[in-house]
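Here are some notes for a colleague who is opening this structure for the first time.

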Amino acid sequence: MKILIKNGRVIDPSQDLDANMDLLIEHGCIAKLAENIDPNGIEDVIDADGLVVTPGLVDIHVHLRDPGQEYKEDILTGTKAAAAGGFTSVACMPNTVPVNDNKAITGYIINKARYEGSANVFPICSITKGQKGESLVEMGDLKLAGCVGFSDDGLNVECGDVLRRAMEYANAFGMPIIAHAEDEAIKSGGVMNEGRVATELGLLGNPWVAEASTIARDLMLAELTGARLHVCHISTRRSLELIRNAKERGVKVTCEVTPHHFTLTEEAVRGYNVNAKMGPPLRSADDVAAMKEGLADGTIDAIATDHAPHHIDDKNVEFNVAANGLIGLETSLPLTLRLVEEKILSINEAISCLSDKAAKALNIPRGTLKIGEPGDVAIIDPEYEWTVDVTASYSKARNTPFDDWEMKGAAMMTLRDGRITFERD
Amino acid sequence: MAMGEMFAHKHIIGTQQLSKDDIELILKTAESFKEINQREIKKVPTLRGKTIVNLFYENSTRTRTSFELAGKRMSADTINISASSSSVTKGETLEDTAKNIEAMDADVIIMRHSCSGAPDYLAQRLTTCSVINAGDGFHEHPSQALLDLMTIKEHKGKIDGLTVAIIGDIARSRVARSDLYALKTMGATVRLAGPATMIPPGLEELGAEVYTDINEAIKDVDVVMMLRIQLEREGGNKLMPTLREYAQFFALNTENMKLAKPDAIVMHPGPLNRGVEISSYVADGEQNVILEQVENGVAVRMALLYLLAGGSEEK
C-alpha cells in the first residue's frame, strides 16, 4: 500500500525542510522524501501542485467530552473536526465525566480514537484525583497506559505544596505538568477581562494578575523541582514576560497560546456574546499584541485551540451563567496563517507552532515527516478562501465567535498513518 | 400626542444607547404625564388594550410598583411575574419564559434580572414584544436615571453645565452607570466616588471624574446622589471593613453636605439605609428631593411605555 504526494512544497520544521519535493508513504509510514519520485506502480498518487505538504498538525489542548458529556462532543466528532482542520493528533484534557484520573478511562479514549476516530488522541490525565486538588493520581501507571502529561485544566491547583509534589513525582517519570494558571481568589467571580469593557457591561472582571501571579508561582516551583512545566493558554503580557524570563534562566518551561487570544480582544464580548466567554478571558489589545510578540520571538512554543465544545443549551443562557469556551479545531490553521499574512511569523514558523514545537512540549512522538515516522500528513492550501459556516462544522458544537468570518487557508487533505481522514470537497 | 413616531427605539435597555434628543423627548413626554398623576381621577385611556408584563427576577417594591402604576394609569393591562411564583424555579430558560409571555401577545416586557445583559438577551430573541430594562445586574437601570434627570431638571431648570456627585458602590451599581451616561449626554459633569474597592477601572474613559474622598467629591456640586449600600456586603466580601467605618467616611451628613453648593439637592434611588450611606438629618432635610424622585418615576415610566407601546396605530 503506497501513497505518493507529488509536486508539493514540503515544509517540515522538524528537519528544517522547505522544498518542492515528493513524499512517499508506504505501509502507513513516511518512506521517502525526494524530488521526482517515479509514480509508476503506485496506486494512489495525489497531486499537491501549488499546495503545502506538512506534518499532520498537532493540537495539544482539546476537550473531547468523551466519556460523559457526549451530548457536547465525542471522540468521533471531535477527531473528525480535528482532521478537517489539518490535525492528525490531539491531546485531550481530563475534565471528562468521570475525570480521566485512571487508566481505564485513558485506555478507553486511546482505543476509541485508534479504532474509530479520525485522529490520534493522546490523553492528558488529571494531576489530582477527581481534579479536586488534593491527592496525586497514579502517574507512573498512567504513563504506561499512554498518558502524555498531567493537568487539572479548567481548574488551578490552588495548593502550592500539592503542585510541588506533583512536579517532583511526575518529573521522575519524565512527564510534564500542564498548568491552568488562574488564582480563583483573585479572579473573584470575574466572567470577563477586568477593564473598561467589563465596567461598561456591568460584568465582574477577572484581572490579568489572576493568571500571571499563578504562572509566577508555577515557574518558581518548576525551578525548585527541575520539573517540566507547560503553561496552558497564556493570555496576558505579564504572563509572557514571566515565561520569557524563566526560559532565560533555564527553567524547563514551554507554553501555548490559543488562536482566539492572539486574534480577539475583550471588545468581542460586547453585546454579551457568550461565544466570546472563555477562561482565560479575552484580554486587552496590548495583551493580544504581546501574544504576537511572544510568537514572533519564540517565547510561545505552541498554538493550541482549547477546543471546548458546548451544547447550545449550555450557552444560550444569561452571560454570567453561560459555559466557558469555544470550538477551534477547524479555524486554528487559517487564524494562524493570518499571522503569516501580517508578517508576524513565516509560514515555516507557523507550521512549527502547529506541529513539531507543539508535539515537543508534551513529548508527543508526532509532528514530523522524518523517514520511518507515521504517515501523518496535512496538505494545505494557504490561499484557499472560505467563509466559516458553523452549521457545517464537524463538531457537534456550534459555539464559535468566528462564524461568518472570511478565512484564507485550509487543509485540503489530511492523512493519518497513510489513510485519508479528511478531504475537502 | 403623535410623538411615538419620533422615538427610534423598540427597547429601552440602557441610557448608553439614548441620544440627547431621545432623552429630551422622554423628559418632555414625562412632564406632560406628570399632570395626570396629580388629577383626582388618575387615569387616561392612552394604552387601553395593551398588555404589559412585569417580569421580575429580583425583588423590588419601588420599581415594580412604579411601572405597574404607570401602566394602569394609562389603562394598560399590567400583570406581575416574580421569579419565585413562576416556572423559573422549575428550571425554564429565560428565553422560553419570555417567548411564552410574548406568545400571549404581550406588548411590553419590563424585566429586572440579577444578570447583566439579560434584557439585551431578551431583546435579541423576541420578535414583537418591546423590552424595558428595570435593572440588570451591575449594568443599567435606565428608568431610574431618567427620573433622576427629570427631578434635577425640575429643580435646576437645566442639566447642561451642572456638576453631579454620585457616591457609593460604583462597581456594583447599575444606577451609577445609567446616570453617568445620561448626565454626560445632557452635558453635566459627573463625579463618581466611593471606597477604592468599589471603584471599577475605566470610569475616566467613560467620561467620569473619580474620587475616593467624599469631601472632595461633594465640593461645590449642584447635586449629591447617594447610592444604597448593600448591608450584606459588610466584611464578608472584602469591599469594606464595617458599616460603621463606611458611615464614618462615605456617608452624607449635615457636615459634609455644607461643602456642596448652598442650593444643592440630595438624591437617593432608595431604599434608604438611614445611618449608613445617608444620615436622617440629610435624608429628611430641606435639600432632599428623594420623594420627588419617586413621584417622577411614575411619570417617566408612563412616558417610556407610551413611547414604546403607544403612539400611532401602524407602529
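**Notes on chain A and a sheet in chain B**

1. In chain A, 75% of the contacts with a separation of 6 or more are between residues 24 or more positions apart. The model is a predicted one, and this value, like those that follow, is to be read with that in mind.

2. The secondary structure of chain A amounts to 14 helices and 18 strands. Its radius of gyration is 20 Å, close to the 22 Å that the globule rule gives for 425 residues, so chain A is as compact as a globular protein of that length. Along the principal axes, the C-alpha trace of chain A spans about 65 × 45 × 45 Å.

3. Of the 425 residues in chain A, 64% are buried, while the chain exposes about 15,200 Å², of which carbon and sulfur atoms supply 50%.

4. Turning to chain B, five strands form an open sheet with parallel pairing, in the order β7-β6-β5-β8-β9. Strands β7 (209-211) and β9 (265-267) of chain B stand at the edges, each with a single partner strand, so one side of each has no neighbour in the sheet. On average, and with direction ignored, neighbouring strands of this sheet are turned by 20° against each other.

5. Within this part of chain B, strand β5 (residues 163-167) runs parallel to strand β8 (residues 223-226), and four bridges join the two; I167(B) stands opposite M226(B) in β8(B).

6. Helix α5 (residues 142-156) of chain B lies across β8 and β9 of chain B, and runs at about 165° to β9(B).

Conventions
Residues are numbered from 1 along each chain as its sequence is written. Chains are lettered from A and ligands numbered from 1 in the order in which they are written. This is a predicted model: local features need pLDDT of at least 70, side-chain atom pairs count only at pLDDT 80 or more; totals for chains, interfaces and linings use all residues. Side-chain values use heavy atoms; hydrogens and water are left out. Two strands pair if DSSP finds at least two bridges between them. Axes are lines fitted to C-alpha atoms, for helices over the stretch in contact, and angles run from 0 to 180 degrees between N-to-C directions. Contact means heavy atoms within 4.5 Å. The radius of gyration is taken over C-alpha atoms; the globule rule is 2.2 Å times the number of residues to the power 0.38. Buried means under 20% relative accessible area, exposed over 50%, partly exposed in between (1.4 Å probe, protein chains only). Accessible areas come from the Shrake-Rupley method with a 1.4 Å probe; for residues, only the protein chains shown count as cover.
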